[in-house]
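Thanks for coming, everyone. I'll take one structure and walk through its contacts. Please have a look at it first.

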Amino acid sequence: MVSVVVHNLAQSLAAAKAAASTGQRITIRSTPGIGRSLGIGGWLALVKLTQQAAPKANIKFTFDSGIWPGDAYAAIAVGVDQIAMDDTPAFSRLRKLADEQGVLIDDQPSDIDLAFELEPKIACQNLLETNSV
């Protein structure tokens, strides 16, 4: 499955629309540490708006807490179903908590960071078409 890092709603919508137009599954992943700027509430709003804009797209969302274990904990507490986090001293405890809550740990690298793409939808479409099974 293709995984893309998004920095804002426009990039998330572009990725979702690319997934819908190709019929491929995609993981939309936040930037590491997005909880420091957008917060978990902002991420959940981005997820909801993306799902509403592309209801037929097959999307998984990953909240990446980066080095901030408190943000990973907050994501688990509010019911985010997939997170990523850096290996910090709290990692093993958070991994155990995530397992207990049924939260998946996304430890795969992303395929593309949309911050570096002038046309994010086209970049995602090309990636999805290249990686289709």
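**Loops, rings and helices**

Thr31 counts as buried, at 13% relative accessibility. Buried means under 20% relative accessible area, exposed means over 50%, and partly exposed is in between, with a 1.4 Å probe and protein chains only. Before I go on, the ground rules. This is a predicted model, where local features need pLDDT of at least 70, side-chain atom pairs count only at pLDDT 80 or more, and totals for chains, interfaces and linings use all residues. Residues are numbered from 1 along each chain as its sequence is written, and side-chain values use heavy atoms, with hydrogens and water left out.

Back to Thr31. It sits in the loop between S2 and H2. Those labels are DSSP runs, numbered from the N terminus: helices are H or I with at least four residues, strands are E with at least two. What does Thr31 touch, not counting residues up to four places away in sequence? Val5, Val6, His7 and Asp64. Contact here means heavy atoms within 4.5 Å.

Lys56 lies in the loop between H2 and S3. Buried or exposed? Lys56 is exposed, with a relative accessible area of 80%.

Val80 is in the loop between H3 and strand S4 (82-84). At 7% relative accessibility, Val80 is buried. Leaving aside neighbours within four places in sequence, Val80 contacts Ile40, Leu44, Phe63, Ala75 and Val103.

Now the aromatics. A search of the whole structure gives two aromatic pairs. Rings of Phe, Tyr and Trp (its six-membered ring) pair if their centres lie within 6.5 Å; planes under 30 degrees apart are stacked, over 60 edge-to-face, the rest tilted. Take Trp43 and Phe61: the ring centres are 6.3 Å apart and the planes are at 75°, so this pair is edge-to-face. The pair links distant parts of the chain, with Trp43 in helix H2 (residues 39-53) and Phe61 in strand S3 (residues 58-64), 18 residues apart. Trp43 is buried at 1% relative accessible area. Phe61 is buried too, at 8%. Ring pairs join Trp43, Phe61 and Phe63 into a cluster.

Next, helix packing. Helix H3 (residues 69-78) and helix H4 (residues 91-101) pack at about 10°, with axes 10 Å apart. Axes are lines fitted to C-alpha atoms, for helices over the stretch in contact, and angles run from 0 to 180 degrees between N-to-C directions. H3 and H4 are therefore roughly parallel. The cut-offs: under 35 degrees is roughly parallel, over 145 roughly antiparallel, 65 to 115 roughly perpendicular, the rest oblique.

Which residues meet? Pro69, Ala72, Tyr73 and Ile76 in H3 face Leu94, Leu97, Ala98 and Gln101 in H4.

Stay with H4. Phe91, Leu94 and Ala98 are buried there. They cover an arc of only 65° around the axis, which puts them on the same side of H4. That arc is taken from the directions from the helix axis to the C-beta atoms. On the other side of H4, Ser92, Arg93, Lys96, Asp99 and Glu100 are exposed. The cover over the buried residues of H4 includes H3 and strand S5 (104-105). Just after H4, Gly102 has a positive phi of about 75°.

Last, helix H5 (residues 120-130). Its buried residues are Pro120, Ala123, Cys124, Gln125, Leu127 and Leu128. The buried residues of H5 pack against strand S1 (2-6), helix H1 (9-22), strand S2 (25-30) and strand S6 (112-113).
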